[in-house]
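Please open the model in a viewer and follow the selections below in order.

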Amino acid sequence: MNKLWIFGDNASAIFGKTKERRFKYYKEYRNGIFPKTWSELLSKELGYDLRNMAVSGQSNYDIFDMFCKCIDQIQKDDIVIIGWGYVQRFRLVDKSTNSFVTIRQNQLKPERIDNPSLLNGVNIDVINSILNNRSNSEWINEVYNWESVMNLLSKLIRFKVVYWTFDSTLNKPHYISTNDFRIDLIKQGAEDITLETNGKLIDDNFGERGHLIQFNYFLNHIHNG
Amino acid sequence: MNKLWVFGDSFSATNKKNNLENWRAQYKNWKGYTPLVWGDFLSLKIQHKLNNCAIGGIDNYTLFESIIDVIDTINENDIVIVGWSSALRFRLIDKNGGFTTIRPNDHNLDNKPFTRASLTNPIQFNDISINTINELVINRDNILFQYEVNRFIKIINLCLINKCRVIHWSPFIIQNKSMDIIKIDCLEYLEKIVDETNGYIKDNHYSENGHRVLSEYFYDLITKN
């Protein structure tokens, strides 16, 4: 059976795969059942075995890294969907867990940055100056360079690769996403969790209807080549 | 004619260019001619046309990109030798809007903190303090950043596996212990410029004789498979 490989951040991840507190509340709100995400709906519709490697909150470094980890399992006629995150994100090592932690804008409040378990005491000014540096458009080319080697591997191994993003600065004509993809999906009826729960939960990740709209959009684009 | 592709940093870069680093220009002056580097010696010995793409002071992200840029022009039976740089190095956008590599000169971060003097040109970045550089370098002193390079190595090998011979090594053998590279034992015994010039030029890059010995190592590696 061919496989549908998904690489990306929270916009591609399956609900409940990671232990994020906000999704605990969402599950409770939905009486213990998460809705199907777009990748689950898509794999079922296409008849492909789903390999969703997306992890919430990851940077593009993690996404490319995960692709590299899995590349020797990707086979001819598999479909690979890469959902890039925001280019500004980067990663540092959390030495208490010896793992990477993603740094995102708006994520880091001073009281959290002082938490040594998160960033080993890396100063907030350090974070801000790097985030500021990463707002330069040159960082986008780093992702496009990764894509050229991914495209080469796609040719060699003969799998289909598809790119998309919610980051309008990164979006390109060869992506299946539109320039204002999130807004465009919302215009088509997609709802985030905040809207779906009538503001009872504050979460800008797509909920059930959001994932359904995104699934239909992707299915349409994959069917039309 | 088959090609020898060389990628790497100053330990692989050619002396045959106009805009030489100070130490390289001094050494060339001291020798009275343009000294050869290991890529020159090796290409002569194996009768491959040399494509030396190594860049002095490069970080591994830029190095990886320099390979991606030409990877589809590498032909069957070419030979590719990649000399990975220190995983401590990273890059930021400079005032001109391009990438500049940050290079810590000191290996012993605990005893000798990274100093402004060891920056290539500290005033070339917008809003980046020496403290930011220090904290990032210390954070990068972690095995995970070597594993990141291992993914690059995996991708390069996969792209070239059925095409040509690829050798990965690093002049930073002590810092890069966990990289998937060949460990060249003779590196620390290679003659350096400071040795050859009896301290007249205080530089620890390989002398022409050091480069010749290194080229013989690579020759043995290639011919003895």
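Begin by selecting I79(B), which lies in strand 3 (residues 79–83) of chain B; strands are DSSP runs of E, at least two residues long, and helices runs of H or I, at least four, numbered from the N terminus. The model is predicted: local features need pLDDT of at least 70 and side-chain atom pairs count only at pLDDT 80 or more, while totals for chains, interfaces and linings use all residues. Residues are numbered from 1 along each chain as its sequence is written, and chains are lettered from A and ligands numbered from 1 in the order in which they are written.

I79(B) counts as buried because it has 20 C-beta neighbours inside 10 Å (buried means 20 or more other C-beta atoms within 10 Å, with C-beta atoms placed from the backbone).

Next, select helix 2 (residues 38–46) and helix 10 (residues 208–223) of chain A, which pack at about 45° with axes 8 Å apart. Axes are lines fitted to C-alpha atoms over the stretch in contact, and angles run from 0 to 180 degrees between N-to-C directions.

Finally, display both chains. Here 23 residues of chain A are in contact with 24 residues of chain B, contact meaning C-beta atoms, placed from the backbone, within 7 Å. Helix 7 of chain A gives the most to the side of chain A that touches chain B, with seven residues.

Definitions and conventions. Buried ≥ 20, exposed ≤ 12 C-beta atoms within 10 Å, placed from the backbone. Contact = placed C-beta atoms within 7 Å.
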